[in-house]
Amino acid sequence: MAAPLLGTCFRDEADSARHMDYIHFNPVKHGLVSSAIEWPYSSFHQYVRSGVYAPDWGQGSKDFEGIGHE
């Protein structure tokens, strides 16, 4: 079982961004939706409105090196 993110210290902005990508992609990874925008319970929608992510981000497969394997 992977360690929870609560209490996780990020090394830098890039590490923080990788973890946010991992979190937002989880519903796609587990087959609950085909893209991140389809998951209604996510902060992803707020990030799209803020311009951090494009609405079509998170389709297909992604590799999150060093995340989710701790």
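The questions and answers below go through a predicted model of one protein chain.

Reader: How many helices and how many strands does the secondary structure of the chain come to?
Author: The chain has 70 residues, of which 26% count as buried. Among the contacts with a separation of 6 or more, 46% are made by residues 24 or more positions apart. As for secondary structure, the chain comes to two helices and zero strands.

Reader: How far apart are the end C-alpha atoms of α1, and what span should its residues give?
Author: Helix α1 runs over 13-29, and its 17 residues, at 1.5 Å a residue, should span 24 Å.

Reader: At which residue does α1 bend, and which proline follows?
Author: The bend in α1 is about 30 degrees and is placed at isoleucine 23. Within four residues of that position a proline follows, and this proline is one of the buried residues of α1.

Reader: Which residue caps the N-terminal end of α1?
Author: At the N-terminal end of α1, a side-chain oxygen lies 3.2 Å from the backbone nitrogen of alanine 14. Just after α1, glycine 31 takes a positive phi of about 75 degrees. The residue that caps the N-terminal end is aspartate 12.

Reader: Is histidine 19 buried or exposed, and what is its relative accessibility?
Author: Histidine 19 has its place in helix α1, and a polar atom of its side chain lies 2.9 Å from the backbone oxygen of aspartate 15. What covers the buried residues of α1 includes α2. Because buried means under 20% relative accessible area, histidine 19 counts as buried, at 5%.

Reader: Which residues make up the largest nonpolar core?
Author: The largest nonpolar core has eight residues, and α1 and α2 each supply at least two residues of this core. One of the eight is alanine 36, which, leaving aside its neighbours within four places in sequence, is in contact with His24, Val28, Phe44, Trp57 and Gly58. The members of the core are Phe25, Val28, Val33, Ala36, Phe44, Val48, Tyr53 and Trp57.

Reader: Where does serine 42 lie, and which backbone nitrogen does its side chain reach?
Author: Serine 42 lies in the loop between α1 and α2. Serine 42 is buried, because its relative accessible area of 19% falls under the 20% cut-off. At 2.9 Å, the side chain of serine 42 reaches the backbone nitrogen of phenylalanine 44.

Reader: Which kind of pair do the rings of tryptophan 39 and tyrosine 41 form?
Author: The count of aromatic pairs comes to six. In the pair of tryptophan 39 and tyrosine 41, the ring centres are 5.2 Å apart and the planes stand at 75 degrees. Tryptophan 39 counts as partly exposed at 24% relative accessibility, whereas tyrosine 41 is exposed at 67%. Because planes over 60 degrees apart count as edge-to-face, the pair is edge-to-face.

Reader: Which kind of pair do the rings of phenylalanine 44 and tyrosine 53 form?
Author: Phenylalanine 44 is buried, with a relative accessible area of 0%, and tyrosine 53 counts as buried at 8%. Both belong to one aromatic cluster, which is formed by Phe25, Phe44, Tyr47, Tyr53 and Trp57. The ring centres of phenylalanine 44 and tyrosine 53 are 5.1 Å apart and their planes are at 45 degrees, so the pair is tilted.

Definitions and conventions: Residues are numbered from 1 along each chain as its sequence is written. This is a predicted model: local features need pLDDT of at least 70, side-chain atom pairs count only at pLDDT 80 or more; totals for chains, interfaces and linings use all residues. Side-chain values use heavy atoms; hydrogens and water are left out. A nonpolar core is a set of buried Ala, Val, Leu, Ile, Met, Phe, Trp, Tyr and Cys residues joined through side-chain atoms within 4.5 Å. Buried means under 20% relative accessible area, exposed over 50%, partly exposed in between (1.4 Å probe, protein chains only). Contact means heavy atoms within 4.5 Å. A polar contact is a pair of N or O atoms within 3.5 Å; within protein, one must be able to donate a hydrogen and the other to accept it, and residues adjacent in sequence count only if both atoms are side-chain atoms. The expected span of a helix is 1.5 Å times one less than its number of residues. The bend at a residue is the angle between axes fitted to the seven residues ending there and the seven starting there. Rings of Phe, Tyr and Trp (its six-membered ring) pair if their centres lie within 6.5 Å; planes under 30 degrees apart count as stacked, over 60 as edge-to-face and the rest as tilted.
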